[in-house]
Amino acid sequence: MALTERQNEILKILREKKSAGVTALAEDLYVSEATIRRDLAEMKSMGLIERSHGGALLPENADEISIFFRMEKNASEKERAATKALPHIPPFKSVFIDSSSTALALAERIDLSFKTVVTNNLQTAIQLSKKPNINLIMLGGNVHFNTNSATGSWTARQLQDFSFDLMISSCAAVIGSDVFERSIEQKEIKKVAFEHCKKRILLIDHTKFSASGTYRLSSLSDYDVVVTDDTPPTELDLTNVKIVY
């Protein structure tokens, strides 16, 4: 389900004020309170907000957006990036797939028969469990209600017991020539996986070049290949970066 223009405005207001009442939102957006209540109900189902008495507020982990919303957002761009990445998948027997919807789009296209697949994302595990002959391992940990992914120190410790041939991941943002995440929990999980794999593929749609992130994970040049759906910005420093678009 994609956000409407009005729901995007509500999200913008909440990011600025952290909370807002139904009456105030209705006045600001020139609609009825009933319309605002319907919008808030839909946004809550997507994991974007929490309802409060008489209004709404952002959840504590608001920077991490529901995977169900992320699967819909820029879906065609993610599909193109995943398709372009296919010829660049090296031979592998084991792979870590992060909690991104973009990585899931690629994983669904790869023949994973008789491969060991490790993920910390519930939705990825559910989708891949429908395929036969996969040695599928779901990491345990603290599961956030909107991201549907396991994170935390226990999850990170489990990853230390693996050695992967391949890591398929995305990120929250590319700033300059560096890769960023919006939550420190996701950053720490990917950092451990990053250090325990032989090959790394980064999948990003073009919106990541204008997105924001707080926690630096790595440099673009640390990946064996970076795949995006469209031409990257001309000002981006791609020295020593193998990029496909």
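**View 1. Strand β12 and its parallel partners.** β12 and strand β14 (residues 225-228) run parallel, joined over four bridges; strands here are DSSP E runs of at least two residues, numbered from the N terminus, and two of them pair if DSSP finds at least two bridges between them. In β14, Thr228 is the bridge partner of Ile204. Strand β9 (residues 164-169) also pairs with β12 in the parallel sense, over five bridges, with Leu166 opposite Lys199 in β12. Six of the eight residues of β12 (residues 197-204) are buried, so the strand is largely enclosed by the rest of the structure. Buried means under 20% relative accessible area, exposed over 50%, and partly exposed in between (1.4 Å probe, protein chains only).

This is a predicted model: local features need pLDDT of at least 70, side-chain atom pairs count only at pLDDT 80 or more, and totals for chains, interfaces and linings use all residues. Residues are numbered from 1 along each chain as its sequence is written, and side-chain values use heavy atoms, leaving out hydrogens and water.

**View 2. Phe209 in the loop between β12 and β13 (215-219)**. Phe209 is buried, at 15% relative accessible area. Its contacts (heavy atoms within 4.5 Å), leaving aside neighbours within four places in sequence, include Ile204, Thr228 and Leu236. The C-alpha atoms of Phe209 and Ala173 sit 6.2 Å apart, though 36 residues separate them along the chain.

**View 3. A ring cluster of Phe96, Phe162 and Phe164**. Phe162 is partly exposed at 23% relative accessibility, while Phe164 is buried at 1%.

Note on methods
Rings of Phe, Tyr and Trp (its six-membered ring) pair if their centres lie within 6.5 Å; planes under 30 degrees apart count as stacked, over 60 as edge-to-face and the rest as tilted.
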